[in-house]
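Me: I would like to go through this structure with you, one topic at a time. Could you keep the answers plain?

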Amino acid sequence: MGPNSKFKETTHDHSTGSDNRYNSLVPRRIRFSQYAIYSFCVSLLFVFFLHRQCNSIHNHLFSPIFNVNYPYVRRSAPVIDNYFGENVTDFYRWLEDPFSEETIEFANSQNNLAKRYISSLPQYHAFKKKYRELVQFDTFGSPIYRNNMWYYFANLKGQNPQPILYRTSSLNESISESEVFFNPNLLVKDGIDLVDAISFSEDGTKFAYEMTKNETDYAIIGFLDAHNGSQIDYSLKYAIRSLEDDAFQWANDGSGVVYIRFKKPPNLSFVDAGRNNDLFPYRLERVYHKWGVHPDLDIVCEEDDDEYNMMKKKKEKQPKIKNICDEKTDSSQTILSSDRTVKLQLTDQFVTLRLPKVKRTPMTPSSRLDFPEFESVSSFSQTEKEEEDTYFTKFVGRNEERKVTYYSTAAGANNYHVIGVQDDSNVAYPVIEEDPKLILDVTYAIDNNTFLALFLDDVKHVMRILQIQPNNNLSRSDNTELLYQFPLENGVASDVKVDSKNKIACFVYSNLINPGTVYVYNLTENRLLVFRKITLDHLKRNWWGGKHPVWSVNYEQVFFNSTKNANVSAFILKYNGTDVKKGPSPAWLNAYGGFNIAMLPRFNPFALALATYFRPSAYILVNIRGGSEYGRDWYLSGRNLEKQNCFDDMRSACKFLIEKGFTVAGKCGINGGSNGGLLAAAVTIQSGDLYGVSLADYGVHDTLRYTNFTFGPGWQNDYGHKENGTEVLSVRKWAPIYNINPKTKYPAILITTGDHDTRVSPLHSYKLAAEMQFASGTKAAADGDELNKVFLRVREVSGHNIFSLERKVDAFSEKVSFWADRLEAILR
């Protein structure tokens, strides 16, 4: 049941005339007393309601006065860099050293100021309480079948920071009949870290889990006895968070595992690892761990200190110990696809295409239940980077009998299609043709010839089971048959888990206001089953029996025009009955726009809470260019030389809301994380006349020096290649840090980062905050005005993603209180 579902109300039957009989038998004095009591109760309820409304308005109008005095930040002598003939000054280069006392003092003083200010806002504490209540519902992930048991993650009543892994012998058993197999909350204090992936050994005796460390990209691999769940062997530190095929493999002789780890950062313990901002992601070791041997004695097979050569496989690896890792993992069953170039035969042309090398990976991604929106689920291995002749080509499956390998690709197909190539051929053919209207988002092989295909129809998933009917030789004459059409087309599939051995596909299907249902599709029976329904039934009624306002929230999809004739999609989530004629409403706009990542309208508890408790405010999810919502061209039109289109789309989005009468200039707020954090900062600088507040989370703000830090070299397709002058000078035009004008008054901005962010170094946020505070002070002094609000929130022992439910509630409560205070949104 979703928030827009109807339910029966209990009614009293007055048709018997019992009221008249009652009136004739009861003395008038008693009746008068009862009426008096009834009137008193009604009056009390009215006073209570009036108090609540007045209290909300009072909290808004009479918030404690907070005098902003920014901490002293040294503006050093400028460091001048020349980028292809253009000089660029940097006054805060010293903030790039995360271990200097001055940088640490800067971060601490800025963070203390931000926390004091946020704590002074009455909306923060009140919303946090309401939001915590909203997320107290049962969440379930998709099940997997191993060792004759079903395993699934669940978080009952939202009571744990992390979901627990249960197991059961039957999908028909209730949660109370299931057994707790693995509780990650017992491993880390406050449950701040996430189990990224899990795996069972081939013989079914061992269970492996990969867990983040302080929300960083460093991970720990631990092992349990698969039968009783007890901890076994050592934990392996510094492992990479990745589902790449080489990242983790069980040794084929049962003697141990082979895995890839980051090299230990110099002069840092494992506890402190994550504060370093060097290019550690490209300094890797492939090692063999033998059961019972301390990890310090693991055998290093290969190592790489050069720019991401191991990950990108751009040169021959030089084995340190010849073949030791390959001997333990390679077999004819492990290699699924070789790295080679083929010609893709289309109707009237050939396209040269480089295929990826793929090995069978034993890791299964965990279920991320509580906050499945992008900022909490992205990991560096999830985003495919397009290089020359690759066209985002991904391995889909393999038919061993026909010696055919299948791939999804954008080669020759903007909307993507699936191709097949035989082992002894260098010619590939389409086997699932490109749909002229739908975007092929992702494809899974359920068996040799059958695929689960997820298409995007205006950013909503259409799901089909497609079966290839092959001829003797692979060719374009192979027929594709629609075997099953899922009766679900108004939401998003997530947490998809496919078991080709048992021919089963499991997934969660949800939309913005409905937490969804967990489904199991059985290919053998060609049948769809319901495993668990996820509901918000705990919010059916208020304490006095009235309908909870969350059930009056709904959403609609709209389209608006942007620059270069782009037609942009947006989802507006708001309280039913919001009347634009009663006045402009505050708006929260969220977008990403990069790296070929689609922002899909899956269930979002924060969006639901904002629309419920800050009604008539609205949450708007904007599908700007740079993502994959409308195919490869949509991505290409929002990256590198075309990046400005992303910022234009957000300007157009706010103008659209203004033209429709929903809001006015200054009432739009923008939020984004990572690449979306860059988006929020750039829009703040470019469109301060429309936006009244900005919330920039974990953003890449120094887009001229980003390749010097952490994962930066891997972002050049989107932010420009450092050796290409045209691209670098194009980036210079919108790079947030280098386009701040001290003569301009910008919207209030809350800049958030994590002190252990290994993906996007905190230095980006540090330098942006320093420059914007300088501009704020300069402008205020010139105008004799008050300082504009520029705060830097540095979340402690926290990385690029927040994985704990409790931390998520706190982080969103901080951001929404800042947004509400600036846009005069009233908490109800």
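This is a predicted model: local features need pLDDT of at least 70, side-chain atom pairs count only at pLDDT 80 or more; totals for chains, interfaces and linings use all residues.

Me: At what angle do helix 10 and helix 11 pack?
Reply: Helix 10 and helix 11 (residues 675–686) pack at about 65 degrees, and their axes are 10 Å apart. Axes here are lines fitted to C-alpha atoms, for helices over the stretch in contact, and angles run from 0 to 180 degrees between N-to-C directions. Helix 10 is therefore roughly perpendicular to helix 11; angles under 35 degrees count as roughly parallel, over 145 as roughly antiparallel, 65 to 115 as roughly perpendicular and the rest as oblique.

Me: Which residues meet there?
Reply: Gln-644, Cys-646, Phe-647, Met-650 and Arg-651 of helix 10 meet Leu-678, Leu-679, Ala-682, Val-683 and Gln-686 of helix 11. Contact means heavy atoms within 4.5 Å. Cys-646 is buried, at a relative accessible area of 0%, where buried means under 20%, exposed over 50% and partly exposed in between (1.4 Å probe, protein chains only).

Me: Turning to disulfides, how many are found in the whole structure?
Reply: The search finds two disulfides, a disulfide being a pair of cysteine sulfur atoms within 2.5 Å. With the bonded cysteines numbered in sequence order, the pairing is 1-2, 3-4.

Me: Which cysteine does Cys-654 pair with?
Reply: Cys-654 is joined to Cys-668, with an S to S distance of 2.3 Å. This link is right-handed, with 100 degrees about the S-S bond. Cys-654 lies in helix 10 (residues 644–659) and Cys-668 in strand 37 (residues 668–673), so the pair ties together parts that are 14 residues apart in sequence. Helices (H or I, at least four residues) and strands (E, at least two) are DSSP runs, numbered from the N terminus. Cys-654 is buried at 0% relative accessibility, and Cys-668 is buried with a relative accessible area of 0%.

Me: And how far apart are the sulfur atoms of Cys-301 and Cys-325?
Reply: The sulfur atoms of Cys-301 and Cys-325 are 1.7 Å apart. The torsion about their S-S bond is about 75 degrees, so this disulfide is right-handed. The pair links distant parts of the chain, 24 residues apart: Cys-301 is in strand 15 (residues 299–304) and Cys-325 in helix 6 (residues 324–329).

Me: Are Cys-301 and Cys-325 buried or exposed?
Reply: Cys-301 is buried at 2% relative accessibility, and Cys-325 is buried at 1%.

Me: What about helix 4 and helix 15: at what angle do they pack?
Reply: Helix 4 (residues 122–134) and helix 15 (residues 805–823) pack at about 135 degrees, with axes 8 Å apart. Helix 4 is therefore oblique to helix 15. Their crossing is right-handed. The contact includes Tyr-124, Phe-127 and Tyr-131 of helix 4, and Val-809, Phe-812 and Val-816 of helix 15.

Me: Now the backbone. Where is the cis peptide bond?
Reply: A cis peptide bond joins Arg-615 and Pro-616, with omega about 15 degrees. Pro-616 lies in the loop between helix 8 (605–613) and strand 36 (618–623).

Me: What is phi of Asn-148, and of Asp-233?
Reply: Phi of Asn-148 is near 65 degrees, a positive value in a residue other than glycine. Asn-148 is in the loop between strand 4 (144–146) and strand 5 (149–155), and is exposed at 59% relative accessible area. Asp-233 has a positive phi of about 55 degrees, although it is not a glycine. Asp-233 lies in strand 11 (residues 231–240) and is partly exposed at 31%.

Me: Finally, how many helices and strands are there?
Reply: The protein has 15 helices and 40 strands, and buried residues make up 60% of its 828 residues.

Key:
Residues are numbered from 1 along each chain as its sequence is written. Side-chain values use heavy atoms; hydrogens and water are left out. A crossing is left-handed if the near helix is turned anticlockwise from the far one by less than a right angle, and right-handed if clockwise.
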